[in-house]
Amino acid sequence: MGAPMNVSVVLYVHNGGAYLEPLVESILNQTHRDLELCVVDDGSTDGTPDVLARAAAADDRVRVTRQDHRGSDGLHETFNSGLAMTRHDLIAVANADDVWRPDKLAVQVAAFEDDPNLDICYHNATFIDAEERVIHGSFRRVDSPRPA
């Protein structure tokens, strides 16, 4: 078995401050510890910059860049800015209102380690409300992760 696989997590956010702390905590507390969190703040005007500054000060795996708000018309540029920050070959994408299960990256990295020809690995999701109650099913009913 080779060296551990490192993961770059890309997050782009605009005014996601109400949801960011649980997301950042769930990413940084992954059982797979070899990761970095690359965040592009798309001109947030809420508490987002403060949440991100605290996270970056507390953990050197968090790197943040801020840009003027581009909105949905500039989403591809914003995402590309996040990709440009990455240092690792494996890329995971986070949304500001996500909360990750502790083993999410470990399960996905294992799929890549098991199959060196694997290019993409996706997984199921459970949709929850602000109180973490399941609000409706999931993306699809398949084994997760599902290598492609």
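## Two terms to start

Helices and strands here are runs assigned by DSSP, numbered from the N terminus. Keep in mind as you read that this is a predicted model.

## The sheet

Let's begin with the strands. Four of them build an open sheet in the order β3-β2-β1-β4, and their pairing is parallel. At the edges sit β3 (62–67) and β4 (90–94), each with pairing on one side only. Ignoring direction, neighbouring strands in this sheet are turned by 20 degrees against each other on average.

Now zoom in on one pair. Strand β1 (residues 7–13) runs parallel to β4, and five bridges join the two. If you want to find some of these on screen, look for V9, whose bridge partner in β4 is A92, and for L11, which has A94 as its bridge partner in β4.

## The helices on the sheet

Helix α2 (residues 48–58) packs on the sheet and touches β1, β2 (35–42) and β3. The direction of α2 makes about 150 degrees with that of β3.

Then there's helix α3 (residues 75–85), which lies across β1, β2, β3 and β4. Helix α3 runs at about 150 degrees to β2.

Methods: Residues are numbered from 1 along each chain as its sequence is written. This is a predicted model: local features need pLDDT of at least 70, side-chain atom pairs count only at pLDDT 80 or more; totals for chains, interfaces and linings use all residues. Side-chain values use heavy atoms; hydrogens and water are left out. Two strands pair if DSSP finds at least two bridges between them. Helices (H or I, at least four residues) and strands (E, at least two) are DSSP runs, numbered from the N terminus. Axes are lines fitted to C-alpha atoms, for helices over the stretch in contact, and angles run from 0 to 180 degrees between N-to-C directions. Contact means heavy atoms within 4.5 Å.
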